[in-house]
Amino acid sequence: MESKAKGVALCAVYLALTLVFGLLPYVFLIPLLLASVTTNYKTSFVVSLFFGAVSLLYAFTGGSSIVAAAFVAQPWIPIVARLFIGVIAHGAYKLTGRLIKKEGKLKKLLPVGVAAAVGSIANTAFVISLLLLCMPSFEFGDTTVYLYAVTMLISGAIELAANVALLPPIAAVMYKIRERKGA
């Protein structure tokens, strides 16, 4: 059982990572996905909330896309859209781990890749869905949300590939550190 102090410290680390990774293209989700495969569903939920809040912060402080403008116009969208991403990815991680019977690297890392894929797809799907459902006539310059949805899907596919490629080796390092410390 994790102590409360350890849980708070982990959340602070994931928040700091989210702030840093938010400055990099296509890997913004990595800290949230990492939390979903290295902690429990409660921590994953808190980090999801951080992720949504940081998305909103970045929209207010420098976003120049239609998505940033939409997030500023409807500030609840980035938070609500991201609220359960960590829990969903955590569930996919746990379920995949239970389905694999043979012990070894496959049992450790395949669930991580599945969690990365499911979390990334859920993030893209929730954001696009909320924008299209709640702001269908929103425009930014000459671009509408409907037109920009294609760009968001392409970016989502790139983000999916990056998350699936990067999360398993990062998680493997985290697992080795945990094993060495006996945590």
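Buried means under 20% relative accessible area, exposed means over 50%, and partly exposed lies in between (1.4 Å probe, protein chains only).

**Entry 1: ground rules**

I am reading a predicted model, where local features need pLDDT of at least 70, side-chain atom pairs count only at pLDDT 80 or more, and totals for chains, interfaces and linings use all residues. Residues are numbered from 1 along each chain as its sequence is written, and side-chain values use heavy atoms, with hydrogens and water left out.

**Entry 2: helix H4**

Which residues of H4 are buried? I found Ile66, Val67, Ala68, Ala69, Ala70 and Phe71. That makes 6 of the 8 residues in H4 (66-73), a mostly covered helix. Helices here are DSSP runs of H or I with at least four residues, strands are runs of E with at least two, and both are numbered from the N terminus.

Next I looked up what the buried residues of H4 pack against. The partners are helices H3, H5 (76-82), H7 (105-134) and H8 (145-181), together with strands E1 (139-140) and E2 (143-144). A contact here means heavy atoms within 4.5 Å.

**Entry 3: the whole chain**

I counted the elements: 8 helices and 2 strands. From the N terminus they run α-α-α-α-α-α-α-β-β-α. The radius of gyration is 17 Å, close to the 16 Å that the globule rule gives for 183 residues, so the protein is as compact as a globular protein of that length. That radius is taken over C-alpha atoms, and the rule is 2.2 Å times the number of residues to the power 0.38.

The C-alpha trace spans about 55 × 35 × 25 Å along its principal axes. Buried residues account for 40% of the 183. I also checked contacts between residues at least 6 apart in sequence, and 73% of them join residues at least 24 apart. The protein exposes about 9800 Å², with carbon and sulfur atoms supplying 72% of it. Such areas come from the Shrake-Rupley method with a 1.4 Å probe, and for residues only the protein chains shown count as cover.

**Entry 4: two threonines**

I looked at Thr38 and Thr39 together. Thr38 is in helix H2, while Thr39 is in the loop between H2 and helix H3 (41-61). Are they buried or exposed? Thr38 counts as buried at 6% relative accessibility, and Thr39 counts as buried at 10%.

Each side chain reaches a backbone oxygen: Thr38 that of Leu34 at 2.7 Å, and Thr39 that of Ala35 at 2.5 Å. A polar contact is a pair of N or O atoms within 3.5 Å; within protein, one must be able to donate a hydrogen and the other to accept it, and residues adjacent in sequence count only if both atoms are side-chain atoms.

Leaving out residues up to four places away in sequence, Thr38 touches Tyr14, Met174, Tyr175 and Arg178.

**Entry 5: the salt bridge**

How many salt bridges does the structure hold? I found 1. It joins the side chains of Lys108 and Glu179, at 2.4 Å from N to O. Lys108 lies in H7 and Glu179 in H8, so the pair ties together parts that are 71 residues apart in sequence. The term asks for a side-chain nitrogen of Lys or Arg within 4 Å of a carboxyl oxygen of Asp or Glu. Lys108 is partly exposed at 38%, whereas Glu179 is exposed at 52%.

Tyr26 sits in the loop between helix H1 (4-21) and helix H2 (30-38). Its relative accessible area is 36%, which is partly exposed. Phi of Tyr26 is near 70 degrees, a positive value in a residue other than glycine. I noted beside this that most residues other than glycine have a negative phi.

Tyr26 also belongs to a nonpolar surface patch with Val150, Ile154 and Ile158, and together they have about 360 Å² of accessible area. Patches take residues with over 30% relative accessible area and no salt bridge, joining like charges within 9 Å and nonpolar side chains (Val, Leu, Ile, Met, Phe, Trp, Tyr) within 5 Å.

**Entry 6: Leu15**

My last stop was Leu15, in helix H1. Leu15 counts as partly exposed at 27% relative accessibility. Leu15 and Val47 are 32 residues apart in sequence, yet 6.8 Å apart in space, C-alpha to C-alpha. Leaving aside neighbours within four places in sequence, Leu15 is in contact with Phe50 and Val54.
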